[in-house]
Amino acid sequence: MPIYYALVGKSTGGSNIVLCDFTSYVGNFHDICSKLMPRIEPNTMKTWELDEFFFHYINEDGIIVLCMTDKEYKRK
């Protein structure tokens with residue numbers, strides 16, 4: 001039940017950019033999350049489901065925190 005990938009980003013005038021990211025696993029996490037970044041809405045908290053993974057994000061006041069977990073990981 002690990003967190004596979006995490007990033008911190010910034011929402012600026014309709015576009016979202018990654019400020020930093022980290023993973024200790026091998027995979028295409030960055031590619032997947034770069035496709036999800038444009039879908040992040042201002043001042044929201046959501047979870048997306050993709051295959052056996054969850055992508056949780058919080059966007060508050062233009063700061064984005066996103067992580068990728070497996071489905072067994074608790075949401076809170």
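**Reading a predicted model: salt bridges, strands, core and cysteines**

Guide: By the rule used here, this predicted model has 2 salt bridges.

Visitor: What do I look for in a salt bridge, and which side chain meets that of glutamate 41?

Guide: Look for a side-chain nitrogen of Lys or Arg within 4 Å of a carboxyl oxygen of Asp or Glu. Here the partner of glutamate 41 is lysine 46, with 3.0 Å from N to O. Glutamate 41 counts as partly exposed, at 35% relative accessibility. Lysine 46 is partly exposed too, with a relative accessible area of 33%.

Visitor: Which side chain meets that of lysine 71 in a salt bridge?

Guide: That of glutamate 49, at 2.3 Å from N to O. Glutamate 49 belongs to strand β3 and lysine 71 to the segment after β5, so this pair ties together parts 22 residues apart in sequence. Lysine 71 is partly exposed at 35% relative accessibility, while glutamate 49 is exposed, with a relative accessible area of 53%.

Visitor: How do I read the pairing of strands, and how many bridges join β3 to β4?

Guide: Check the bridges and the direction in which the strands run. Strand β3 (residues 44-50) is joined to β4 by 7 bridges, and the two run antiparallel. Tryptophan 48 stands opposite phenylalanine 55 in β4. The two strands form a hairpin with 2 residues between them. In the turn, aspartate 51 has a positive phi of about 55 degrees.

Visitor: How many bridges pair β4 with β5?

Guide: There are 8, again in the antiparallel sense, and β5 covers residues 63-70. Tyrosine 57 has leucine 66 of β5 as its bridge partner. The hairpin of β4 and β5 has 2 residues between the strands, and aspartate 61 takes a positive phi near 55 degrees there.

Visitor: How many residues are in the largest nonpolar core, and which have the most contacts inside it?

Guide: That core has 15 residues, and those with the most contacts inside it are Ile40, Phe55, Leu66 and Met68. The elements giving two or more residues to this core are β1 (3-12), α1 (29-36), β4 and β5. Take methionine 68 as a case: leaving out residues up to four places away in sequence, it touches Pro2, Ile3, Tyr4, Tyr5, Phe29, Phe53, Phe54 and Phe55.

Visitor: How do I read a helix, and which residues of α1 are buried?

Guide: An α-helix has 3.6 residues a turn, so residues three or four places apart point the same way. In α1 the buried residues are Phe29, Cys33 and Leu36. They cover an arc of only 50 degrees around the axis, which puts them on the same side of α1. Among the elements covering these buried residues are β1, β3, β4 and β5.

Visitor: What is a disulfide, and how many does the structure hold?

Guide: A disulfide is a covalent bond between the sulfur atoms of two cysteines. The structure holds 0 disulfides. For cysteine 20, the nearest cysteine sulfur is that of cysteine 33, 13 Å away. For cysteine 67, the nearest is also that of cysteine 33, at 9.2 Å.

Visitor: Is cysteine 67 buried or exposed?

Guide: Cysteine 67 is buried, with a relative accessible area of 19%; the cut-off for buried is under 20%. Cysteine 20 counts as partly exposed, at 45% relative accessibility.

Technical notes: Residues are numbered from 1 along each chain as its sequence is written. This is a predicted model: local features need pLDDT of at least 70, side-chain atom pairs count only at pLDDT 80 or more; totals for chains, interfaces and linings use all residues. Side-chain values use heavy atoms; hydrogens and water are left out. Two strands pair if DSSP finds at least two bridges between them. Helices (H or I, at least four residues) and strands (E, at least two) are DSSP runs, numbered from the N terminus. Buried means under 20% relative accessible area, exposed over 50%, partly exposed in between (1.4 Å probe, protein chains only). A nonpolar core is a set of buried Ala, Val, Leu, Ile, Met, Phe, Trp, Tyr and Cys residues joined through side-chain atoms within 4.5 Å. Contact means heavy atoms within 4.5 Å. The arc is that of the directions from the helix axis to the C-beta atoms. A disulfide is a pair of cysteine sulfur atoms within 2.5 Å.
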